[in-house]
Amino acid sequence: MPQVPDLRADVNRDGSVEGATDTDGENTWTPRRGAIVLPNVDDDAKRCPVKDAQGRPLSDAKLARCNDASDAKVNGARDAADLARLKTAPLPKTPAGSHGTVKAVGTGAKKSRLFIQREGRWSLLRPTDRLSTKELRSGVELGIEATDVVRDARKWNGEVKVRFTVTDGGTSRSDDVVLRTAPVLTHHHLQRAEELLVTKVSGGGAYGRARRKFVKDLAEQAKAAGISKPLTTFTAYHDVWAQDFVEPAYASMPGPGGKQRMMRVLIRSAQPDRDAGRELFEKLRGPDVGVVQVSGVRDNEEWTLNSMGNLETIPPYTLGGKSYPAGRIIQGYRADTGSKPAKAMRTFLSSQGVQAPLLLDTSWLSVGHVDEFIQFLPADTERGWRVGVADPAAGVELLRKAKRDGHGGEKMFSVPSSADIPAPKETIDQVLANATFHADNKLAADRIKANLDILKRETGITDAEIVKVPGLYTRDGAERGDLSGSRKLRRMGPDTLRRFSQLGGDDSRTDGGATRRAAASRNSAYIPGAVNGVLLSPTRYLAPQQWGPVIGGRDIFTAAVHSVYAKAGFTTSYVDDWYTYHIGMGEVHCGTNTLRDATAPWWPTA
């Protein structure tokens, strides 16, 4: 009779594989107990090519196909660290002639790979490979990787069952452990910013100069906020909307010494025609950085809703017995037409099983992204965070007060003209006399309130936890000048044009039909949207320069925005994005991205 086999994994999630403390509950997996395995989708040895043998760029599918899990090797010490450890307990009384096997069984067998350490080296362990009597007596160390992320939980929920079998003569006995593949999780604003991403555009002219200045100013702001890493710049495809073609995320498992083993996983937007996503593979994929590309996107799914500016994450919370230790995703959808982000992406996000995506109504917005009106801010409160929202009523009141104080004749905008586009000339009086302006902002206020009601119901936030930031919206883009002329639009580049085309201008056809024209009642920011900025640290916030009316030597919108954030505990700085992003229906947040710290565990801890 063979000895009773004992296969051990890090069931208690302390970063090591031990004895009795890792035994209870090893056959099942729950949110609070059970071993975790990483999806090994990075490229630690930087072996993945971006061109074929003839020097031609690889297809999207071939780019996405290569990673550390696409071969059957352990690619160095860094790759070995990505393996979840397993051990067989020593069986010193194993009879001579006995042998053992360790293999994954069930659905997870096709989504995982086992390695064994022999003589200080890792080698592939096939299902038919045998452990010798000597190895059974001494015990062996194993490593396991998941070969992909969870994409559709209905087909595979990430579970991997590993079976250790000992055979003596014709008799076999087995022991199983169950692991779960670490979910791919999006960042939230309680995680500190470590690195900023932005697109760097070459070329001359006023637009090129404005772009270079924006990048320079952004780098200075990041450094002032204590972010030591230099900007990562995208250069290959000139898509200035760095927030939109990628969502930085991560996967992690317990590591040695109580530290987490973390891998960045960049989620490419579900926009197959958006070439900028290729640079994630070509430039950023590498050691501890993987890229996930979601396939199965349908042509009839609205293009703009699939931009990642339409994905934000509520920080961690608990309500009504439900806990979200890694936060919760929000995305916008068109309640008026029923259009939603791509089904394939929604399936992917929900299949991670942790962040339970929630849809908010963005049908009132031309671009339709949640970052146009809402943000989440760290707070020194019991909850640990607040909600920041645009407040159109406060924006209108700023103008009304200026008029009451006798300043109605002042210009609405203080931005200077560029070489290509004249500055808007309307006055406060003219703006306030426009019935459409009031209708647009009432619509925006009503829709923002309706979305806040959803968040109150889902998270338990109260009015006292809402930071209302003055802002204004418009449906006609009047402050942008005449954007229907092809000369001005084409200077901005094809991806800026995607947003401009939603205004219904004549050049929407140059976008290849990838976007839909905005309904006449849909809005965008009239004055640069202050909530559409970047959280640089727990106490520093970067907003778009307001360029509002200047009265008594100060911009009244800048003063109001500064005051609101100061009361919430933030020092606010500003960067000019008028000609680089604002007139393209976006702001600082839309044009940048952040890599954030993710060393805290996503699983519940005692």
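This is a predicted model: local features need pLDDT of at least 70, side-chain atom pairs count only at pLDDT 80 or more; totals for chains, interfaces and linings use all residues.

Student: OK, new topic. How many disulfides are there?

Tutor: The count comes to 1 disulfide. Cys48 pairs with Cys66, and their sulfur atoms are 2.2 Å apart.

Student: Where do the two cysteines of that pair sit in the chain?

Tutor: They link distant parts of the chain, 18 residues apart. Cys48 is in the loop between β2 (35-37) and α1 (60-65), and Cys66 is in the loop between α1 and α2 (76-80).

Student: Is the link of Cys48 and Cys66 left-handed or right-handed?

Tutor: The link is left-handed, with -80° about the S-S bond.

Student: And is Cys48 buried or exposed? What about Cys66?

Tutor: Cys48 has 11% relative accessibility, so it counts as buried. Cys66 is buried too, at 12%. Elsewhere, Cys590 counts as buried at 1% relative accessibility.

Student: Let's move to α6. What does Ala344 touch?

Tutor: Ala344 lies in helix α6, which covers residues 343-351. Leaving aside neighbours within four places in sequence, Ala344 is in contact with Val294, Ser295, Gly296 and Val297. The C-alpha atoms of Ala344 and Gly296 are separated by 5.8 Å, although these residues are 48 apart along the chain. Ala344 is buried, with a relative accessible area of 16%.

Student: Nice. What is the span of α7?

Tutor: Helix α7 (residues 392-404) has 13 residues and reaches 18 Å from its first C-alpha to its last, close to the 18 Å expected at 1.5 Å a residue.

Student: Which residues of α7 are buried?

Tutor: They are Pro392, Gly395, Val396, Leu399 and Ala402. Seen down the axis of α7, these buried residues fall within an arc of 120°, so they line one face of the helix.

Student: What happens at the start of α7, and just after it?

Tutor: At the start of α7, a side-chain oxygen of Asp391 comes to within 3.3 Å of the backbone nitrogen of Ala393. Just after the helix, Gly406 takes a positive phi of about 90°.

Student: Speaking of phi, which residues have a positive value although they are not glycines?

Tutor: Arg13 and Lys46 are among them, with Arg13 at about 60° and Lys46 at about 50°. Most residues other than glycine have a negative phi.

Student: Where are Arg13 and Lys46, and is each of them buried or exposed?

Tutor: Arg13 is in the loop between β1 (7-9) and β2, and counts as buried at 8% relative accessibility. Lys46 is found in the loop between β2 and α1, and is exposed, with a relative accessible area of 53%.

Terms used:
Residues are numbered from 1 along each chain as its sequence is written. Side-chain values use heavy atoms; hydrogens and water are left out. A disulfide is a pair of cysteine sulfur atoms within 2.5 Å. Helices (H or I, at least four residues) and strands (E, at least two) are DSSP runs, numbered from the N terminus. Buried means under 20% relative accessible area, exposed over 50%, partly exposed in between (1.4 Å probe, protein chains only). Contact means heavy atoms within 4.5 Å. The expected span of a helix is 1.5 Å times one less than its number of residues. The arc is that of the directions from the helix axis to the C-beta atoms. A polar contact is a pair of N or O atoms within 3.5 Å; within protein, one must be able to donate a hydrogen and the other to accept it, and residues adjacent in sequence count only if both atoms are side-chain atoms.
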